[in-house]
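Take a walk through the model below.

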Amino acid sequence: MSAQYFEDIAIGAKRTSGSYTFTGEDIIRFAQKYDPQPFHIDLVAAKNGPFGELVASGWHTVSVWMKLTIESRALDGNAGGTVRAGVSPGFEDLQWSKPVRSGTTLFYSSEVIEKVELKSRPEWGIVKSRNEARDADGELYMRFIGKGFVARRPPVE
């Protein structure tokens, strides 16, 4: 797929980024570096914790989303980004619906839900997407709305 402009992106467009299986070792390794709460890094403490066992950090589930998204863009021939994209101004409504336990495989997807034309920066638009992680049964584990700047098509002169 060649690089796209803001105008080329359709509301409702969906993308499946891939899947990831969380192992106990991965959960602990990530959490030791980035979210060292006992129920993420210690098997004994996790048994006495709020989930009764080791669970992945929510930030781990979001980080996997980013990794798989970049990899899937590269497979589409867009290694530099999905489209003529700029930076992200942030995200909205991050939700972790279920704890991710060792052995859980999540499937990641995105759907374009809104496009915003910017009067203050007419060369850019913002694309909003709903990003999710679900298991094989369709159970929702993680969801957020991402926002990204995307270049507008240059005016024809």
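The score is pLDDT, the predictor's confidence in each residue, from 0 to 100. Over the chain, pLDDT averages 90, and 90% of the residues score at least 70. Where pLDDT is low, the predicted coordinates should not be read in detail. This is a predicted model, in which local features need pLDDT of at least 70 and side-chain atom pairs count only at pLDDT 80 or more, while totals for chains, interfaces and linings use all residues. Residues are numbered from 1 along each chain as its sequence is written, and side-chain values use heavy atoms, with hydrogens and water left out.

Now the sheet. Five strands form an open sheet in the order S1-S3-S4-S5-S2, with antiparallel pairing. Strand S1 (14-21) and S2 stand at the edges with a single partner strand each, so one side of each lacks a neighbour in the sheet. On average, neighbouring strands are turned by 20 degrees against each other, direction ignored. The axes behind such angles are lines fitted to C-alpha atoms, for helices over the stretch in contact, and angles run from 0 to 180 degrees between N-to-C directions. Strands (E, at least two residues) and helices (H or I, at least four) are DSSP runs, numbered from the N terminus. Two strands pair if DSSP finds at least two bridges between them.

Look next at S4. Strand S3 (residues 105-117) pairs antiparallel with strand S4 (residues 124-134) over 10 bridges. Ser109 stands opposite Glu132 in S4, and Val116 has Ile126 as its bridge partner. A hairpin of six residues joins S3 to S4. On to strand S5 (residues 140-151): 11 bridges join S4 to S5, again antiparallel. Here Arg134 faces Leu140 in S5. Five residues lie between S4 and S5 in their hairpin, and Gly138 in the turn has a positive phi of about 85 degrees.

Trp96 lies in strand S2 (residues 90-96). At 40% relative accessibility, Trp96 counts as partly exposed, a class that runs between buried and exposed, the latter being over 50%. Together with Trp59 and Phe91, Trp96 makes a nonpolar surface patch of about 350 Å². Patch residues have over 30% relative accessible area and no salt bridge; like charges are joined within 9 Å, nonpolar side chains (Val, Leu, Ile, Met, Phe, Trp, Tyr) within 5 Å. A salt bridge is a side-chain nitrogen of Lys or Arg within 4 Å of a carboxyl oxygen of Asp or Glu. Accessible areas come from the Shrake-Rupley method with a 1.4 Å probe; for residues, only the protein chains shown count as cover.

Note on methods:
Buried means under 20% relative accessible area, exposed over 50%, partly exposed in between (1.4 Å probe, protein chains only).
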